[in-house]
Amino acid sequence: MRDEIVLLIAVLFIFSGCIQPEEQQVVTESVVSAEWRPDGVVSENEYSHSLKLYSPARQGYTGGVMTVSWKIDDEYLYMALNGSTRGWLAIGFEPSEWMKDADMVLGFVDGGARVLDEYSTGNYGPHIEDTMLGGTDDIMEHGGRSYGTHTVVEFRRKLDTGDRFDKVLRPGQSVSIIWAMSDRMDPAVKHNIAYGEGVIYLGMAQSSVQQISQNLTQNDIEWMLFIWKEEKAARDLYESLYERTGLTVFLDLVRSEQRHMDQIGALLDRYGIGTPVLERGVFDNQTLQSIYDEMLSKGRSDLDALRAAATFEEISIIDLERAIAGTDNKEVIDVYSGLLAGSRKHLRSYVGDLRDMGIEYAPVYLNTSEFEEIMRAA
Ligand code: HEM
């Protein structure tokens, strides 16, 4: 069954029209040469990576930009948040769903900088300090400053703090993140400037940087292109299902799929391969065209649209697992792993929405034990 799925989707050729993602993200990498200082100034070459996160104005939100910069060594994560606010700004690591179970760090500058080690126990909070949950404050050093319309906070924590309210971070890991900003300093007041999600690749500790092979196999290249197209298929499908049903979950996940495409696209670019220009919803194969059309026509009701989307995520999970098993390239595996975590999260979202509507979704392609394990995963 699995072979058929891969074969089927592998020949899927979608011509898709680009929609402009509402949230844009730009990643930069540099070689660290400056000493890390938690002084609220992000100097050139102080961090190895940075990700610029942007969220436009929407109802209840003025819109804003936050740049996350980070580096790791064998023991610590060093991070800076620089956002367009004079209130609080925050990052959350590895939420299970929405804000739930995110290991959060929230900072603001009120005279001096405050950086709080928090955890969100529910979908929309509350997020409270780890110490109030029986955990520990693991922000080992911090600092920050406000300038003009912006605030910067910097902090250092252990990759593995030993606190159950902190996620264990590992060199080479891709970590899913959420972020948010408020114009108020009170951490109990909800974000009103911007919020969003993303993935950060932690990178390798400088001391253990290994030569990552630039020599991809033909199989790696084919899989990477295929996975990019499959993420694109998901994006196109959800975009069409959103137009049809108006369910906002589809709009949210269109953005997420766009980010997945961008991540694998960036890797393809780095290897000099590039991605094709394809239009939305058109296939060069009659059988596949029929499948796509069938998925769309099945999605006429809200319930059936959610069912079709959940089924698509199942296929995506199976293909990503096969892609991971089929390569030894660590960099590629890291990107696939981030996408796999995203697909599992999407499947949980769709199944959760169906459950809220009184429908128990039964897996179509995944075996029951894997499906249940994904549903249980935090
Ligand atoms: C100050 C307390 C907070 C409250 C009361 C709160 C409440 C909420 C609520 C009600 C939503 C649903 C969307 C909306 O109403 O606009 C939401 C969404 C969200 N929040 Fe918070 N939040 C808080 C802090 C945070 C923090 C610190 C972060 C990031 C570290 C964060 C990240 C997010 C994200 C990413 C979403 C969107 C979830 C999704 O749709 O995927 N929130 N929050």
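Predicted model: local features only at pLDDT ≥ 70, side-chain atom pairs only at ≥ 80, totals over all residues.
**Figure 1. Packing of helices α2 and α3.** Two packed helices are described by the angle between their axes and by the distance between those axes. Here α2 spans residues 218–245 and α3 spans residues 248–270, and the two pack at an angle of about 160 degrees with their axes 8 Å apart. This angle makes α2 roughly antiparallel to α3, because angles over 145 degrees count as such. The crossing of α2 past α3 is left-handed.

**Figure 2. The contact of α2 with α3.** From α2, the residues that meet α3 are M224, I227, W228, E231, K232, A234, R235, Y238, E239, L241, Y242 and T245. On the side of α3 they meet F250, L251, L253, V254, E257, Q258, H260, M261, I264, G265, L267 and L268. By class, the residues of this contact divide into 15 nonpolar, 4 polar and 5 charged.

**Figure 3. The chain as the setting for these views.** The chain has 378 residues, of which 42% count as buried. Its elements are 7 helices and 14 strands. Among contacts in the chain with a separation of 6 or more, 65% are between residues 24 or more positions apart.

Methods: Residues numbered from 1 in each chain as written. Helix = DSSP H or I, 4+ residues; strand = E, 2+ residues; numbered from the N terminus. Buried ≥ 20, exposed ≤ 12 C-beta atoms within 10 Å, placed from the backbone. Contact = placed C-beta atoms within 7 Å. Axes fitted to C-alpha atoms, helices over the stretch in contact; angles between N-to-C directions. Parallel < 35°, antiparallel > 145°, perpendicular 65-115°, else oblique. Left-handed = near helix turned anticlockwise from the far one by under 90°. Nonpolar A, V, L, I, M, F, W, Y, C, P; charged D, E, K, R; others polar.
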